[in-house]
Amino acid sequence: MMVVSVLAVSASADTVQFGIGRKTPVLDGFVSRTEYGAYVPYSYECDSSLAAEDMPWSERSPECYFAWDDECFYAAMVSDGVRLKTLVSERDANVYTDDSVELYLSGNGRKTPLHQIIVNSRGVICDLRDGKREWNAAGVRVANGVKDGRWTVEIAVPWKDVGFTPASQLFAPHVNFCRNYHSGQSGSVRFIDLDENYCTTIGHGNYAQRDTQALVFLRDKVGEVEFPELKVPGEGENARRQIVSLREPGNPKELVFWGSYPLRSREPMVFRSVTTDIPKLELLFITENNLQKPGDYRIDLDFRDLKTDSESVLRLSGAAVRSKGLAEQRFDVSKLPEGEYRLHYEFSDPEGRKLAGGYTYYGRYPAHPVWENCAAGSEDTVPPPWPAPTFRADGFDCFDRNVRLGEKGLLASVVSSGRELLAAPVAVVVNGRPVSFRVKSFEPHVSFADYVLSADDGDVAVRAKLRAEFDGYMWIDLVRAAGDIRSLSVEIPLRREYVAGHDDGSDVIDKLPLPAGRVGEWTFDPVERPFFWTGDGATGMMGGTEDLHGWKLSDRRRGYVLSVDDRVAKMTINFVDSPTASDRPVAVGFYLNPTPVRPKNVALENFDPAKMCRWTGHVGTFCDMKMPGSVDEERIRRFERRQANGEKVFWYGGTAIASPYSPLWAWYGREWNFTGDPSTVYLEMDPKDRAKRDAGGWIWGCLRNKSFFDWRLWSHCWFLNDSGYAVSNLYFDISFPRSCRNARHGCAGNEYFFRGMREMHKRIYRELKKKNPDGAMLGHIRFVRTPADNFFDEGWCGEAYEIPVSKQHNYYGLLKPEAMQVHYASRANDMVVASSVQIYRTYQVYSPKLLPSYNPEAPESVRAILHCAAYFKIHNMLITVRPDEGIIGKAWWPAESCALFLGPDRRHSAYYLPECPVSVDVPDRLFLYGIWWNRGEAMLVVLNDTDETVAKRLTLDAGRLALAVRVGEDIFGRGSVTLDGTDSFEIRLGPRETRFLRFARALEAGR
Ligand SMILES: [Zn+2]
């Protein structure tokens, strides 16, 4: 017996509709069936590897419950509660990476504003309105409970939080309710939806969102109806697409639920993945089994030559495991010769009838492959453009920085670009008391030096093993002697005057601005945010950790504490915050790296942007599997021709990625992968487009794993150095560190493969510079800055705005001056920072229906384009756009190339930099400007990032600029300004308006 409300009206083909009865449930983490006003037992799995019509019926059977009253909307879900992943502990952090539920609710009867409330099993909430995390549902309540392996989460959302008044509302709200699975086993995120039109890709928040919600009708009446059992259709026409309509028993006119579902009956056996237990020489054939009949279902394997697919090298046969769900069948491959294969498989039922078949790839590799112990780039040399460092017993000098060790603390002084960054020594604090270090030993090399410092004046003796490298990076292992300890921390006190912001690396839109006068304390969980940077537009300090080995924290959320007063911005790393004892020495590790870290590659910044080719796509036949015989020769020739035509081609690679479909992964994947599950795939392509899937599907390997590191390094360097390929510049995709939880090679989940990534980039950089001193490396960076990026001449960023940009089709409110300074401008001192443009692209990807009506030349579009372009240019970035991309808007290109006329030795400054030669009469955080100048000419970009019209008086420092031109003309034909006798001019800008003012002799001469 089930209680539901009744009635749904005229259903359209794409919308699920149902009625919800008025009830007020008790939020206690458990649902009783009479507590709610609607019950929806239907769901299907949204598996992005499948076409929509192939989505399987979900056997995980989450049950959804809904109710409403005058105060709240209620939603509850009961689903798998075994091994729930719950790492996120902070509101508005990425809760969807945990096992979680997502409630979408539009309050006003239309689809926007769309409220999204994501909850994990710890009750941590991430709530968004139209994708923006600034919004918080003030009165939202959550309850969790787990019983008999089933997890119940209940959510109450006050109507007033979502702007809805049920009594007076003419419209029905739209609802979507999903379960995000993030089991350690699958490692993937899967959604279970009420609505077939909700589609996702695997990965965080990267939704291909269409009409995503069900219409719900709020009913006063709750009819006592028996809920009919839903039959999953097996055969026939309705097997693929089923109309489901449920009516109240005894009252066929009352529709309880209506929906159209793509349903698929379970196949007896479905291939999932293949991997290898290398020590046992056993192939693990993973299927999803649903064996209905008694008797043996068989699996036949046929290993054929990879290239010809003809010659059979080995055949194996075995019985399918009689278990429901994922099944692992083992085959002895000790007799399989080394080589790469196309592995055909065939399933048959107990009568010997063939059920299904297909093929995958498999490889067997030597016990000691050619890449083992790859030594590429490991020599002790300093690659250009770095100057040789000087290592002394008490410190070192390297590019633009000087570090002094010891004395009262661990580091006595850190000078960057002539500024002393430290307000006091970097201190190691033992049981609440700072200790004093002396340098005990010093071993200088060409590109690095090893120091041992010791402090014997604390309760427990501490040694610091410090390695300093040519780029200013310092890795420090603090080794405490055996014994008891109550607390251990490192304090990094930075001078407040050189701090304008802090970056915890978690978000691209929001950073922590620290304008003068702001004081306070902020805490960070080092597991979720292991890397940090604090500084201003000119200098800063990077720091962070790789894992929590040797830590002892009672409160992980206070692992990092940033406390800021008028004098000091102090970052504290708390390694131990509660008593712990050890009979052996214990080490904890962290790094520091003052910025800027390298001379900027000015030649690259000034290279003709029309001839920059930053992307070749995969040149390996499997995703970045660059090995002899496994590259796409035709594609390589194509880009070699462009290179011969003067283009600067950056050849594709991924620091830490591999193809989960490759023969290599079939052999090594179990050990190399970062989840513990080699079948994890990060980017799934439609399996029907096999070639695309094999080349494009990718997954991370763990760079803490030596075998993977060796292969990856060898593969990149083989391609770089092979005489058959004309490679001079390299691109590294997805080159930001992430965490690994593959226990098979010793990662438990808090390990970031940061040092492996840094070592990889450094060694490849050495190899690149040996081959071609003018060669450059370009890296796809993301929210955070780490010393793994120091080897990129150019960082390419800006991919993380898609979702909000897709909703508003501009960057208003998404680009903020503080975040730009922290995230981009500080880097732009030592790295060419480039960003992509996404307004057109988000139409393409997210709103194709709107594309035909998008006019990039319409005034609103141009305003949005120039707003974004001005933001990028003012903060000294490149915009990755080419002149032949007119379809995305003509304004991008002149904005990108606006300063080129000033020559490669032009200078740049902006509102956030010290001694900017431009000033404004009434400064405002949303009135921004940047300037380039050279030989008496200048380009001034001005932006009003508000919704008001503003009038300002700008003054140029004519002396410093040595300006020989008095008239600045907007390059987009929107008027000119003339400097008066005080080198000033008035400017009036409408909402979000920009001016690109060109002070050029040719213009002034009335060209
Ligand atoms: Zn690992």
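How many of the 16 residues of H10 are buried? I looked this up first. Twelve are, so H10 is largely enclosed by the rest of the structure. Buried here means under 20% relative accessible area, with a 1.4 Å probe and protein chains only.

Notes on the source: this is a predicted model, where local features need pLDDT of at least 70, side-chain atom pairs count only at pLDDT 80 or more, and totals for chains, interfaces and linings use all residues. Residues are numbered from 1 along each chain, and side-chain values use heavy atoms, without hydrogens and water.

Back to H10. I found it at residues 859-874; helices are DSSP runs of H or I with at least four residues, strands are E runs of at least two, both numbered from the N terminus. Among its buried residues I noted His867, Cys868 and Tyr871.

Next, the zinc ion. I see Cys702 (SG), Cys740 (SG), His745 (NE2) and Cys747 (SG) coordinating it at 2.1 to 2.3 Å. Donors are N, O and S atoms within 2.8 Å of the metal (3.2 Å for Na, K and Ca), and water is not among the atoms, so sites may look incomplete. Angles of 102 to 121° make the site tetrahedral, a label that needs all angles of four donors between 85 and 135 degrees. Cys702 and Cys747 are both buried.

I found cis peptide bonds from Pro384 to Pro385, omega near 15°, and between Thr595 and Pro596, omega about 0°. Ile734 isn't a glycine, yet its phi is positive, about 50°. At 7% relative accessibility, Ile734 counts as buried.

Key: The expected span of a helix is 1.5 Å times one less than its number of residues. Buried means under 20% relative accessible area, exposed over 50%, partly exposed in between (1.4 Å probe, protein chains only). Four donors count as tetrahedral if all angles lie between 85 and 135 degrees; four count as square planar and six as octahedral if opposite donors are over 155 degrees apart and all others between 65 and 115; anything else is irregular.
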